[in-house]
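Subject: Structure for you to look at

Hello,

Here is the structure I said I would pass on. My notes on it follow below.

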Protein chains: 4
Amino acid sequence: MADSMRRTLGVQKGARSSQVVKAVLSATTAELSRGGYAGLTIEAVAKAAGVNRTTVYRRWPTRAALLAAVLEPLLARYDVVPDTGSSCHDLSVLLQTVRDNAELPEGQAFTEASRSTSAELQDLMSAALHRALAPFHAVLTRAVERAEIEPEQRDLIAQLAFFGAVMWTQTHPKPLTDAECDDMAQLLLPAAADAGTR
Amino acid sequence: MADSMRRTLGVQKGARSSQVVKAVLSATTAELSRGGYAGLTIEAVAKAAGVNRTTVYRRWPTRAALLAAVLEPLLARYDVVPDTGSSCHDLSVLLQTVRDNAELPEGQAFTEASRSTSAELQDLMSAALHRALAPFHAVLTRAVERAEIEPEQRDLIAQLAFFGAVMWTQTHPKPLTDAECDDMAQLLLPAAADAGTR
Amino acid sequence: MADSMRRTLGVQKGARSSQVVKAVLSATTAELSRGGYAGLTIEAVAKAAGVNRTTVYRRWPTRAALLAAVLEPLLARYDVVPDTGSSCHDLSVLLQTVRDNAELPEGQAFTEASRSTSAELQDLMSAALHRALAPFHAVLTRAVERAEIEPEQRDLIAQLAFFGAVMWTQTHPKPLTDAECDDMAQLLLPAAADAGTR
Amino acid sequence: MADSMRRTLGVQKGARSSQVVKAVLSATTAELSRGGYAGLTIEAVAKAAGVNRTTVYRRWPTRAALLAAVLEPLLARYDVVPDTGSSCHDLSVLLQTVRDNAELPEGQAFTEASRSTSAELQDLMSAALHRALAPFHAVLTRAVERAEIEPEQRDLIAQLAFFGAVMWTQTHPKPLTDAECDDMAQLLLPAAADAGTR
DNA sequence: TTATAATCGAGACGGTACGTCACGTCTTAGT
DNA sequence: ACTAAGACGTGACGTACCGTCTCGATTATAA
């Protein structure tokens, strides 16, 4: 039953396997950078990685799996919550992380794919979204505790901050600067901004 | 020369043509509602419209053209700038418009497609984005004139408001309520909110 | 009933109609010269003639009809039977006629189309073949009367002579010369050749 | 590089592949028998063979390739030169081979296609023609050596004999009989016929 | 050290959709 | 009354990837 598929399960210790993995994943980001997720084909990835098409299929059965694999490092950055003492600054730091991710092809592909209706992607993407939003909620929960914002504003601010940064390049030719991240944070956390300034 | 491509140019007077157009466009929204833009195939649209595939190609040479056609009514709603006297309320009205659009399959497809790297879409989508953002800028320019916000905050607020509303359903199971639109507007325009309150 | 088709039946007196006919027919030979009968499309003919596609269809409902129209002048040359006194020379003259026709694009298309299995062509082509073979039979019948060949050889010789000339360009880069026509005639009618020589 | 086109190159060991090949080729001759080469569509061949259309394309990229494949056995018959001692009889044997081939749908398609102007066919067909004419030239070269014909008559006789037989069914309802083959050979090789008779 | 299991490359296949071309028919105008 | 122009359904084209399967051929891990 498991044999019928002959699917690759884990990464072998040997150098060969890990090289294949590395080659495929970097080929994937390369392919994502031109064409985005919509233009991502297993065929092209395999060719770019110098690997047989079936080999890719064995380890990553779907396009979504490939995306997930390549997305992991970006999401890992959201696993640490900044804590500088100032909510406003914490938020700004998070926005900078978002910006850094959004500049990478994988990051672009993420926002592109997050709108997809495909079932396989839906789960992956909503999980990733929650992971990315988590530090925002953490920082803003602290802001609530410091009485800088009302509790019921928390989610709204997280929403505005996160997507404001994610979608920045949609409307602006250049990526967010650090100063603009600060502006955005101050706009959304006026009380915290005052505290930091004075 | 016009003959050389044998492409359908305008809608004929006859009932036949206009019926075809209607059938195809509504089939397009139907197909968009399941599968989104990524899952939109001319084949399926044609079948759902009870029309031959080539007929679709003649009038809408690309998938993007089909999307543009079906998107037009939504974008038209952004052509009127609300003017209720209160900037905060104007903004809220715009957010409600965004929400209404985002609930429709065409609207979802719009945000999905706007992230695409495809050349044909790029132009169409950036034009649509500008059209959708225009009323936001108009309303906020009035807010600047009323000294409710700083001039340099204008674009930033437009950005946060627009994408905050557009991406709402990414993080929330239910669409924006009118009250939430008000909250969002007040958060972004605190001075104008005060004015309206007093 | 007849109106439902709205088919053009005869050539109108006016200059316009006859001009259309001329333009289409010469466009047809032009198209035949590149692509042959297999590559002949109504679309291309209409465009080359500067005429609408439907106009062509009305007057020549099928590709075969177009071919027939353009073939007529070539077949007309077979309606006169040479009579120089020498069977051998008569045959040579016929072979030269075949060669002249075979050099024209219509002639090439004729031999190409004559092998077709299409029903509409079958009739047209077999009729044309008979018309082309008729003078051969006439000349050879005279040869039989002159006791230059056996009666039962008549059809065989006609067959060899006609197709030998028609298919000449299949195996030779240059068309038949007059001398080669003579050689061929003498080979097939040795008795008549002797008579002419002495 | 071999992967880049994903084209089927050779016949695999497995029974599957060879069965596909067999099915497609016999379907091709079946389709040729109705419609001829002009009416041959990959679509119909695939359907008749119970095979997917793309599978056909992979192994035989063009219609011409399909024809060539199906033609090969017929052409192979021309690779052996008859040598019965009598030039006249040798020629008759060749004519019978031509007749046998011309009765098969592939043979009909061959003569049909040989008149085509298509580039892809041109090469294939001229090569096939040379292959078919080769034994004629061989037999007639022997006849020259036996002083039965003049050297400069050789090609002319080959031309007349070959095409006379090939085109036989154009003008006759029934295929060539063996006796008629003999007649034709004797007509073209009178000296050799005498030798055989005495 | 040699089995044994995991992984890979290669070739082939059925299948879906693409975008294009030409077909032949029909309707609606425009002279 | 003809022709023009526009539109449509239809069939076939050749291509691109898809996802699956079956073979060997390698390559590691373990008896």
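I will start with one loop residue. A:Ala147 sits in the loop that runs between helix H7 (119-145) and helix H8 (154-166) of chain A; helices (H or I, at least four residues) and strands (E, at least two) are DSSP runs, numbered from the N terminus. Its phi is near 65 degrees, a positive value in a residue other than glycine. Most residues other than glycine have a negative phi. A:Ala147 is exposed, at a relative accessible area of 65%. For that term, buried means under 20% relative accessible area, exposed over 50%, and partly exposed in between (1.4 Å probe, protein chains only). C:Ala147 also has a positive phi, near 60 degrees, and lies in the loop between helix H7 (119-145) and helix H8 (154-166) of chain C. C:Ala147 counts as exposed, with 65% relative accessibility.

Before the rest, some conventions. This is a predicted model, in which local features need pLDDT of at least 70 and side-chain atom pairs count only at pLDDT 80 or more, while totals for chains, interfaces and linings use all residues. Residues are numbered from 1 along each chain as its sequence is written, chains are lettered from A and ligands numbered from 1 in the order in which they are written, and side-chain values use heavy atoms, with hydrogens and water left out.

Chain A overall

Chain A has 11 helices and 0 strands. Buried residues make up 45% of its 198 residues. Of the contacts (heavy atoms within 4.5 Å) in chain A with a separation of 6 or more, 67% are between residues 24 or more positions apart.

Residues 18-78 of chain A are 74% helix and 0% strand, with the end C-alpha atoms 26 Å apart. For residues 41-60 of chain A the figures are 75% helix and 0% strand, and the end C-alpha atoms lie 12 Å apart.

Interface of chains A and B

How many residues does the contact take from chain B and chain A? It takes 28 residues from chain B and 28 residues from chain A. The buried area is about 2,900 Å², and carbon and sulfur atoms give 62% of that; buried area is the accessible area (1.4 Å probe) that two parts lose on being put together, summed over both. There are 0 salt bridges between chain B and chain A, a salt bridge being a side-chain nitrogen of Lys or Arg within 4 Å of a carboxyl oxygen of Asp or Glu. Across the interface of chain B and chain A, 10 residue pairs are in polar contact (both at pLDDT 80 or more). A polar contact is a pair of N or O atoms within 3.5 Å; within protein, one must be able to donate a hydrogen and the other to accept it, and residues adjacent in sequence count only if both atoms are side-chain atoms.

Helices of chain B that each supply at least two residues of the side touching chain A include H7 (105-114), H8 (119-145) and H9 (154-166). H9(B) gives the largest share of that side, 7 residues.

Salt bridges

The count over all chains is 34 salt bridges. In one of them the side chains of A:Arg131 and A:Glu72 meet at 2.9 Å, N to O. A:Arg131 is in helix H7 of chain A and A:Glu72 in helix H4 (residues 63-76) of chain A, so the pair ties together parts that are 59 residues apart in sequence. A:Arg131 is partly exposed at 24% relative accessibility, and A:Glu72 is partly exposed with a relative accessible area of 36%. Salt bridges that share partners join A:Glu72, A:Asp79 and A:Arg131 into one network.

In chain B, the side chains of B:Glu72 and B:Arg131 meet in a salt bridge (2.8 Å, N to O).

A:Glu31 and A:Arg34 also form a salt bridge through their side chains, at 3.5 Å, N to O. A:Glu31 is buried, with a relative accessible area of 9%, whereas A:Arg34 is exposed at 52%.

Regards
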